[in-house]
Amino acid sequence: MAWRFKASKYKNAAPIVPKAEACVREICVGSYQTYGNNIAASAAFMAFNWEHSGSSVAVLPLDDCGRKSKTMPLLHGHTDTVTDLKFSPFHDGLLATASQDCLVKIWHIPEKGLEQSLSDPEAVFSHKQRRVETVGFHPTADGLMYSTAAGCVALFDIAAQKEIFSNNEHPEVIQSASWREDGTVLATSCKDKCVRIFDPRAAGSPIQMVAESHQSIKDSRVVWLGNQSRILTTGFDAARLRQVIIRDIRNFNTPEKTLELDCSTGILMPLFDPDTNMLFLAGKGDTTINYLEITDKDPYLIEGLRHTGEQTKGACLVPKRALKVMEAEVNRVLQLTSNMVIPIMYQVPRKTYRDFHADLYPETTGYKTELIASEWLNGTNQAVPKMNLDPAKREHGDEPIIPRLGPKPFSSNTGDVSFDKVFAVPVAPGSHENISTVGQDNCGDAPAGGSKPDLIVEIEIQKSEPNVAGNGNGNGVQKSLTTSERRKIFEQNSESSENSTEGEDRTDADLRRFSAVRSSIAERRRVYESRSKSQVDEKAQSPVPLRRESSKVEPLKPSQQLGGNSNVIPASGIENKRISVPEGKLLEEHRGKKSAMEAAFSAASIKRTSTVFGKVSKFRHLKGTPGHKSTHIENLRNLSRQIPGECNGFHANHERVAVPLAGPGGKIAIFELSRPGRLPDGVIPSLVNGSNVMDFQWDPFDAQRLAVACDDGIVKLWRIDEGGLTEPTNEPQGELTAHLDKIYFIRFHPLAADVLLTASYDMTIKLWDLRTMTEKCILTGHTDQIFDFAWSPCGKLGASVCKDGKIRVYNPRKSETPIREGNGPVGTRGARITWALEGHYIVCTGFDKVSERQISVYNAQKLSAPLNTASLDVSPSILIPFYDEDSSTLFVTGKGDSTIYCYEITDEEPYICPLSHHRCSSLHQGLSFLTKNHCDVASVEFSKAYRLTNTTIEPLSFTVPRIKSELFQDDLFPPTRVTWSATLSAEDWFACNDKSAAKVSLKPEGMDTLSSIQQVPAPVKKPEHTQFGNKSEYETNKQQEIQKSVSARMEYNTKLEQDDMEGVDENEWQE
């Protein structure tokens, strides 16, 4: 057993995460319900799904970093979500994409990457009305691609552009496939809970072996462990626990090792390196990436260092030849998150990194092969030659080993084959020299002499097209030009087009086509602001980088070149080639034929600049700051984990907090916020309810009264004496027998005192008058479990969300049935609801049908469909919302999360605007916000909360960075509604004597407001016209404000230095 104690060279491989500056940032990635990894990498490029629909693919250089624009070049090739994507192991520029639109497409990525968006692939293969699930390349045969759709496995010869094998013997959807390293057989995992060994070249049925695998129909993955006779699968068992199973094909029906992990919903994506036996398990929706080492003896899986960071949307391994071997980097994982691509480097610690550590880098599979698809299909097996990663033994030293970027994947018809001829760039627009003729078509015959050319230079395009007039041959075959020839043609046409349009009319299409004359976003924004009537109202600080129709341009006419219209503002960078059109002139010229585009432009002129270039929130850079440790309550213990999902699990007011404790009796501990510090060991004083606690809530108008709902249908009202609890007590102030069944939750009225709402398992909601302990109203109409209820800000209406997938709006005092009803979240795990924007909108958090958490915004008057839905991640915890009506900020988080997601809810698209999210240092079990009057406005604190963790209660402050923090920021703190004292009594409310809540200013005494020191600028004379155009009134006023602000901070003295000097006598001058 000595081998058990043998230390592995890779045991201490540590994940090293680069700084944010070294990552690809500000990308747009959604959550896709696919069987793919959503990201792929070659030694030169990375590719990943783009946007929430996922129908486009972004391709970037492997070492790229920094912020990315939403207008960056993409692959626009599919009409539905891209389900899988893979690079060829032999050509780093050859990319295959599979999609739900039933197509597989082959793309050629130029050597310098994408310089413009591509929509025309090199080849297209169809799966005949079946959604394509996976795609990939053969590990040893060049030009051989596989894909799966439903229960079909298909092989394609890319060089011949044809399907060479197809089999439909799988009874269910194939979820994953993996080739053995020698390319002889394929392993598949299927939705029928079985794993199979598949040999496409076998006589008879290609399915060689079948074994039962993970006992859940949810997603499963399979990966072949290199060239071994073992495979590894990941999936879920019957109890939905995540599993890892290792099987030996020599004893296929019996698992060699079964490892059960946790109960998360995201599938584990296995990433295996056969050279080092390192296995990485990245779960979709997880924040951790596990590293394990696989051995050939028990325990088979040895756990290494675990990486914890951002939430994973996808992951892949980088080819070994692209690693930094002189830094002892043994593997690199590309982690795809919702807005970043993070390269995680796994480094083996060594004393020095000056030398190449050959013991860490065995010879790895190379990138050159002599085997082609047709030969492999005929039974030939040939291993890919190995290569050494030692820089001293490489042809180019320590330069990265990157093969020639993949040529266009089609066969040549001529013997005159060179590497330049197989490259092609898009045909130059307007070029007539782009068609050349060739001789007779050889139909793919082998070259003379019987020698087989290298596929790297052999693969070209073979297309049959109609005869071209004057081509001189009868077959109409079109030959591709070389890269250098087409590049010259394109550059010549671009230059000649630019030169020929000097001083002539140029169409808008020309301006959009040629990148040399495109204006930047800043230029387009200045053009827009120069003619916007309402630009003074609000200045957009962060324009959305999208081409707007409102930033149209007009060609510069010769008369304008010479005479020059003083109202025309030339855009910088393009000099006299492009000018903006004044609003009046544009409307005058197009008044007769006004199209939809022009109507949109007219509408834009009366909108704020921010609505056109993207809304910029004052709370965009909000900052969450935990309180000092001296303000924490520590040494919490025995917290309850059995609180129902409808309960928030933690409630606080400005004096004390309530925390449920584990154990029988339904105990709730009360802690005084005025006594922070470490709690003494021993029994924690608590309220003993006698039954399991279902929900609890503080009275919003009485900081000493706590209402607790129990599973026996009774609501107990507790009064906490001044000074807090000193010992356990089981004597409440009052009891209310509300229902005969369990209670889901309770809610106090936001304006009326002594009005309590209860919702029960009997699917009814009741309203109670706590002064008389009597039932006043009952609400019906729910057909399933009631998840949540929220009062509108005016206190007249209420909204509920139910397990039946419906949102209902009630007017409790006028009707017991809902007055409006609409579709809510389709997931049945739970939901929450709240009102926004003075009750005009409803925000609902919940799950979709695949358990992905989402936030939806509805118009309160039209609940048929959400205005917008934002997806977050896959997690079992329910998102609990808190809405700050003064700032229109929505805070959402779940039990067990470590991130508080922040959004601004707006009354215009996109309705949900993400702000800076706050990431806590530890997981929290609950979050409770205080009322507005307890915020420290002097520190620009616009929201304050308390956070419950496993052992502490911590204050959390949300502030906005401001320069003049010594002033009261009245633009952030408008008069707020008084929600901490009752506006009307229960009797008045039930009698429909409504009254609006009073509003008060939060400005402290003696503190100046920000608006009071901002002087109104004096009227400015109309500036003279210059050759550079007019300065807008806004820019002039802004410049004067800056000058006055600078002058106010500087000492102002009109006295000159020479005034204090003494003069000389006149006779001295005469001398």
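**Cysteines, strands and cores in a predicted model**

Visitor: How many disulfides does the rule give, and what makes a pair count as one?

Guide: The count is 0 disulfides, a disulfide being a pair of cysteine sulfur atoms within 2.5 Å. This is a predicted model, in which local features need pLDDT of at least 70 and side-chain atom pairs count only at pLDDT 80 or more, while totals for chains, interfaces and linings use all residues. Residues are numbered from 1 along each chain as its sequence is written, and side-chain values use heavy atoms, with hydrogens and water left out.

Visitor: Why is strand β43 called largely enclosed?

Guide: Strands are DSSP runs of E with at least two residues, numbered from the N terminus. In β43 (residues 702–710), 9 of the 9 residues are buried, so the strand is largely enclosed by the rest of the structure.

Visitor: How do you know that β42 and β43 pair?

Guide: Pairing requires that DSSP find at least two bridges between two strands. Strand β42 (residues 693–699) is joined to β43 by 6 bridges, running antiparallel, and Trp-698 has Leu-706 as its bridge partner in β43. These two strands form a hairpin with 2 residues between them. β43 also pairs with β44 (residues 714–719), antiparallel, over 5 bridges. That hairpin has 3 residues between the strands, and in it Gly-713 takes a positive phi near 85°.

Visitor: What makes β46 and β49 edge strands?

Guide: They belong to an open sheet of 4 strands in the order β46-β47-β48-β49, with antiparallel pairing. β46 (743–748) and β49 (774–779) each have a single partner strand, so one side of each is left without a neighbour in the sheet.

Visitor: Which residues touch the most other members of the largest nonpolar core, and what makes it a core?

Guide: A nonpolar core is a set of buried Ala, Val, Leu, Ile, Met, Phe, Trp, Tyr and Cys residues joined through side-chain atoms within 4.5 Å. The largest has 26 residues, of which Phe-280, Val-330, Val-333 and Tyr-346 touch the most other members. Strand β30 (340–347) is among the elements that give two or more residues, and β30 gives the most, with 4 residues.

Notes:
Buried < 20%, exposed > 50% of the residue type's maximum accessible area, 1.4 Å probe, protein only.
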